[in-house]
Amino acid sequence: MYEDRIRLATLMDKVMTADRAAALFRDGMTVGMSGFTRAGDAKALPLALVERARRAPLHLTLLTGASLGNDSDGLMANAGVVARRMPFQADAALRRKINTGEVMFIDQHLSETAEQLRSGDLKAVDIAVIEAVAITEDGSIIPTMSVGNTASFAQQAAQVIIEINLAAPLALEGFHDIYVPQARPERAPIPLTSPLQRIGATAIAIDPARIAAIVITDSADSPSNALPPDTETDAIARHVVTFLEGEVAAGRMGPQLLPLQAGIGTIANAVLHGLSASSFRDMTMYSEVLQDSAIALLDSGHLAVASASSITLTAATHERFIANLEQYRDRIVLRPQEISNHPEIVRRLGIIALNTALEFDIYGNVNSTHVGGTHMMNGIGGSGDFARNGQLSIFVSKSVAKDGAISSVVPFAAHVDHTEHDVDVLVTEWGLADLRGLAPRERAPLIIEQCGHPDYRPQLRAYVEQALAGGGQTPHVLEQALAWHARYKREGTMLVK
Ligand code: COA
């Protein structure tokens, strides 16, 4: 049984139930799990850990690549299994626990977690739980639909538990490129100079003696929950396409553009879909997650090749993708997230970074994570890795949220993930503000008139007028800077009635 999946015969006696494997965990351990934006996550161990916690206290520090699927994050949070969590999540139940202070959440740049583990800044991983397509003849692990931080977890953990998922086709073997940077400070440059280049191995090499358990599963990743494009996201996409056409016309890039990165969620996915209405051909992607839009662009020929750390698709696209894997074999590479998001490579390739803001201010500071300045939404994810280091950093957002009660363009961002120094272009459904080469005093009117919702523009103009009276490089009325957020809390709207 499973000979094609467990090719090192001596490991056969490690096959056991998830419940038995869960007995290896001890209270207070640090656990590294595979999984990145709902792709390639362990399916059985999270549920077994929830059961295990019913019998005896189990409070873990849980590290992953990014968010988990199958409601695992929420189930483990509600069972009290997760005491500390990093570097990213996107689960409503876990979000509640974070915002009540019951779970300590460390919101990190996704390229940094593996680096911090390697350098000993974070406590070492005790147990790694990794979903795999198969284990090779020498005990190496072939990941499934994501790589994330799996290679670093597997190499560091004292014990490794592998979930072999029979629902993940064997044909996924060969899609991965596993390269783990050397230790600092004598590290050689990462030898990657184009998006599809392979610089590593197709599987994660580990000492098989550390494989403590193998659990067999048979269930698909949770489908993407990104919503389809709508009127506003279509308009945002048109502004982005027109802008990029202008960049080509000005000779700053060729018709294949520079390698693209697109963030998670509904808006970034919809904007990328919009590129299928463009005349760009043979584009490349160097991103962290491929959503439905990337597969559509590959299918239409707009996109030639794509590199990422995970593939997160809706059910229909996933089915089509898996059924036609051979079409994508030479066009997609899956890498560890510290390579997909590595500042050195993002800077070298000159990425066009396209990410989503919850809100941004009149000077270009972007809040992508904290609702109202205090409450965690998902986390910064990889947006900072790309925004700071890319050639062009574009942030998109709808101009209002909650039926107009919240303006996404505000006098002062209530939390800043991306400072004005990391932001080149802002876009809403109303227009696009190109901030390159502009001083704060020049940025404010452009952002207001191009991106602000018409209902909020008079208020924004009035704020700037008052701020200018006080002078400064970046004029503000400090007493009023967060008044919009306070008004929303008090009156349920940012709009002055
Ligand atoms: N204040 C409060 N809530 C806001 C808001 C604001 N200024 N702007 C948007 N929202 C709410 C929306 O109303 C929506 O709420 P709902 O879930 O109750 O409907 C929610 O935020 C998500 O917004 P949506 O319009 O559906 O956008 P999205 O799915 O594209 O997600 C982010 C947007 C910012 C939450 C998401 O892109 C994210 O988490 N980004 C940070 C991480 C990141 O960029 N990673 C990418 C690197 S690859």
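User: Which residues are buried in helix H9 (residues 292-300)?

Analyst: Welcome! This is a predicted model. In H9, the buried residues are Asp292, Ser293, Ala294, Ile295, Leu297 and Leu298. Just after H9 comes Gly301, with a positive phi of about 85°.

User: Why does His342 count as buried?

Analyst: Let's set the value against the cut-off. A residue is called buried when its relative accessible area is under 20%. His342 has a relative accessibility of 10%, so His342 counts as buried. You will find His342 in the loop between helix H12 (337-340) and helix H13 (343-349). Leaving aside neighbours within four places in sequence, His342 is in contact with Glu115, Arg187 and Ile190.

User: And why is Thr217 called buried?

Analyst: The reasoning follows the cut-off again: buried means under 20% relative accessible area. Thr217 has 8%, so Thr217 is buried. Thr217 belongs to strand S8 (residues 211-217).

User: What does Thr217 touch, not counting residues up to four places away in sequence?

Analyst: Thr217 touches Ala44, Glu163, Ile164, Asn165, Leu166 and Ala167. To be in contact, heavy atoms must lie within 4.5 Å.

User: What makes strand S5 (residues 127-135) mostly covered?

Analyst: Nine of the nine residues in S5 are buried.

User: How do you know that S5 pairs with strand S1 (residues 30-33), and in which sense do they run?

Analyst: Two strands pair if there are at least two bridges between them. Three bridges join S1 to S5, so the two strands pair, and they run parallel. Here, Gly32 stands opposite Ala128 in S5.

User: Which other strands are joined to S5 by bridges?

Analyst: Strand S7 (residues 159-165) is joined to S5 by five bridges, and these strands run parallel. Ala128 stands opposite Val160 in S7. Strand S6 (residues 141-143) is joined to S5 by three bridges, but this pair runs antiparallel. In S6, Ile141 is the bridge partner of Ile135. S5 and S6 form a hairpin with five residues between them, and Gly139 in the turn has a positive phi of about 90°.

User: What do we know about the second largest pocket, and how much space lies in it?

Analyst: About 300 Å³ of space lies in the second largest pocket. The pocket is lined by 19 residues, and the closest to its centre are His109, Ser111, Glu112, Pro343 and Asp385. Helix H5 (113-118) and helix H14 (383-389) each supply at least two residues of the lining. The largest share, four residues, comes from H14.

User: How do the lining residues of the second largest pocket divide into nonpolar, polar and charged?

Analyst: Two are nonpolar, nine are polar and eight are charged.

Notes: Residues numbered from 1 in each chain as written. Predicted model: local features only at pLDDT ≥ 70, side-chain atom pairs only at ≥ 80, totals over all residues. Heavy atoms only, no water. 1 Å grid on protein atoms, 1.4 Å probe; cavity = no way out; pocket = protein on both sides within 12 Å on 5 of 7 lines; lining within 4 Å. Points joined across faces, edges and corners; volume = space filled by probe spheres on them. Nonpolar A, V, L, I, M, F, W, Y, C, P; charged D, E, K, R; others polar. Buried < 20%, exposed > 50% of the residue type's maximum accessible area, 1.4 Å probe, protein only.
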